[in-house]
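Subject: Structure handover

Hello,

Here is the structure for you to look through. Please open it alongside the notes that follow.

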Amino acid sequence: SLSDAFQSFGGGSRGHRDPITEALLKERDKLAKWNGIPLLLQKLYENSHPNSDFSECQSILKEISPLLSMEAMAFVTDDNRKPAQEAAFPNTYTFDLFGGVDVSVSGFLSDDLIKDCLSILYNTCICTEGVTKRLAERNDFVLFLFTLMTNKKTFLQTATLIEDILGVKKEMIQLEDIPNLASLVSSFDQQQLANFCRILAVTISELDTGSDDKHTLLAKNAQQKKNGGPSRAEVNQATLLNIPGFVERLCKLATRKVSETTGTSNFLQELEEWYTWLDNALVLDALMRVANEEAEQSSTESSDESGLANTSARTQLPQSMKIMHEIMYKLEVLYVLCVLLMGRQRNQVHKMIAEFKLIPGLNNLFDKLIWRKHSASTLVLHGHNQNCDCSPDITLKIQFLRLLQSFSDHHENKYLLLNSQELNELSAISLKANIPEVDAVVNTDRSLVCDGKRGLLTRLLQVMKKEPAESSFRFWQARAVESFLRGATSYADQMFLLKRGLLEHILYCIVDSECKSRDVLQSYFDLLGELMKFNIDAFKRFNKYINTDEKFQIFLNQINSSLVDSNMLVRCITLSLDRFENQSDIKVAEVLSECRLLSYMSQMSMRMSFLFRLINIIHVQTLTQENVSCLNTSLVILMLARRKEKLPFYLHKLQEMEYVKKYPGFILNNFHSLLRFWQQHYLNKDKDSTCLENSSCISFTYWKETVSILLSPDRTSPCAIVSYIDEAYMDIDRDFSEE
């Protein structure tokens, strides 16, 4: 602590300065180049008891502050930001060594000192490793910082410091512990609320969501058993939703327009320098204030020629900042809305978002802000190029697409992405095909849908088709459109998209541009599967586009290059073929005989090849959210075989294939373990089985029965896996680890 630091130099207690200590400190100061910081801290320490003169403390803090802010600025403007070291930031290191952090925290006792103490702590956190972590451990101090956010003058500094502290805090803070949270939030203006969303992001997101797909299902299931109740993030989401008017204000922020003026692009280049060290909207707020003050000042200047030119330049400069400012605000707000949409209170959030017209509002912003055309000098952060993923423009687009994906996924509100004419088109498609309209289309409240010439989904399709081959948006665009199709298969939804050339666009990307990105390919295969499933018109269109053996071979090569990525499409083709074969329609029979894809999958050897490989590429210990679909696809192939009483034939074929590979038992033992895990995973009461039913049109009861039959211990049963593993190669009793 501070007193210990001074005691080690032979100093006395507070209020009794020892002249020897002072002389020693001054002498040591010269040698160590401490810039007088220990002496200033000693003075501050002596003057920081409750009855002291705080104006003296204030003048001392103002002497210390520039010494630290100079080093902090040097750190944030350095392109090669390395971990902070003592040699690089001697003033900040000395300040911390002599207990400056503790004395700064105690300075919060006085309202007059808060601003200076905040600034000093923030700069110290930037330059000195460990300070932020030490502050994060003081939970009472962190909660106290939130109460300071009511002060408009220090809001930005407080928010920035809280954000840094929460970023390193080991245990997530509980929002319900913040004193008077609801009144604190209601006191924020819209600008402050947007910045507060940046802080909230850390408190409502699960700590490992970034690598969600990579975590094994075994580990996740074990963690869920251990945790029992809702996580801290889930509790925090519920706390936010209980704040009156919170979601409504977020929707207003997300959809508000930027005041439109022309002629701003000339000044974007000029601003580039400012943005090289900006990492968040908080710092941008400070710049905005300066820019607006300049604009106000300029309007009072003389009106000669040079004055007029100056006024023009100065008033336009803030406008270009305002656009970027608004983009950065919307980023934070859309992120929070997106997390809430994926949480436990999803239906409640959906209802509110629909009521507050988030979707029509975003539709109106689509061209002018969300997907605006880049100017030559589009602003980016810390010196990266405009295609870098940390460019605010790009991050906003991705966040917007993620929100659309969460909004549409398995929810009837997805039809709010259309306008009234487009909804009428869906009804007309159903009528023409002589099939009943989807209830969700009939029940959609027309007063809440998109307005204008096009709805949000159609706008998305337009930009998707124009996207350059190497664009990082392709993945997110495909995911957003696919989520619209997910759930119970709707012929009208599929036809709506097919009429707009989506199938041809996807095939062009997969076959003609020979897409190489695994993520993009997976998203295209998943989208293609949803678009074509059970739809004979889609298969007809496929055959018309893939009209040569060469093209078909390229398509197959793309599928076979990674079954983890393409297995959902394989599942779609298998299910569709099964349904078509059971129909007596002439049109269906014609497509069945002509379509290369259906003919290919109708060959037993091809289905067996897919089945063998699907089982072989996954193991219980390596199952993740991403590859568990391979297990379900292999089950679909076997359920369809069971329907035709061909299950023993398929199991026998797998056994034969094992012997050909000279490794008897290795596929069937693995499959047995995978199915035991399937039971443990999907028969859990928390698991939602409707996704499996919707994606396959096979009842969950039939899924469960098929797995039970396959796992039967009866070696005389022709449908039990154990009947096809020689006893010498049996390896099914070993339990899988949950570590």
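First, a definition for the helix pairs: axes are lines fitted to C-alpha atoms, for helices over the stretch in contact, and angles run from 0 to 180 degrees between N-to-C directions. Helices themselves are DSSP runs (H or I, at least four residues), numbered from the N terminus.

The model is predicted: local features need pLDDT of at least 70, side-chain atom pairs count only at pLDDT 80 or more, and totals for chains, interfaces and linings use all residues. Residues are numbered from 1 along each chain as its sequence is written, and side-chain values use heavy atoms, with hydrogens and water left out.

**Helix pairs**

Helix α7 (residues 114-127) and helix α10 (residues 155-168) cross at roughly 35 degrees, and their axes come within 10 Å. The crossing is left-handed, that is, the near helix is turned anticlockwise from the far one by less than a right angle. Contact means heavy atoms within 4.5 Å. On α7 the contact residues are Lys 115, Leu 118, Ser 119, Leu 121, Tyr 122 and Cys 125; on α10 they are Gln 157, Thr 158, Thr 160, Leu 161 and Asp 164. They divide into five nonpolar, four polar and two charged. In this scheme Ala, Val, Leu, Ile, Met, Phe, Trp, Tyr, Cys and Pro are nonpolar, Asp, Glu, Lys and Arg are charged, and the others, Gly among them, are polar.

Helix α29 (residues 536-545) packs with helix α32 (residues 586-594) at an angle of about 35 degrees, with axes 10 Å apart. This crossing is left-handed. Ile 536 and Phe 539 of α29 are among the contact residues, as are Val 588 and Val 591 of α32. This contact has four nonpolar, one polar and four charged residues.

**Cavities**

The whole structure holds five cavities of 30 Å³ or more. A cavity is a set of points, on a 1 Å grid over the protein atoms alone, where a 1.4 Å probe fits but cannot get out; lining residues have an atom within 4 Å of a point. Grid points are joined across faces, edges and corners, and a volume is the space filled by probe spheres set on the points. The largest cavity has a volume of about 70 Å³. Its lining has two nonpolar, two polar and five charged residues. Glu 482, Lys 533 and Ser 695 are among them.

**Salt bridges**

The count is 28 salt bridges, each a side-chain nitrogen of Lys or Arg within 4 Å of a carboxyl oxygen of Asp or Glu. One joins Glu 234 and Arg 344 (3.1 Å, N to O). Glu 234 and Arg 344 are 110 residues apart.

Best wishes

How values were computed:
On a 1 Å grid over the protein atoms alone, a cavity is a set of points where a 1.4 Å probe fits but cannot get out, and a pocket is an open set with protein on both sides within 12 Å along at least five of seven lines; lining residues have an atom within 4 Å of a point. Helices (H or I, at least four residues) and strands (E, at least two) are DSSP runs, numbered from the N terminus.
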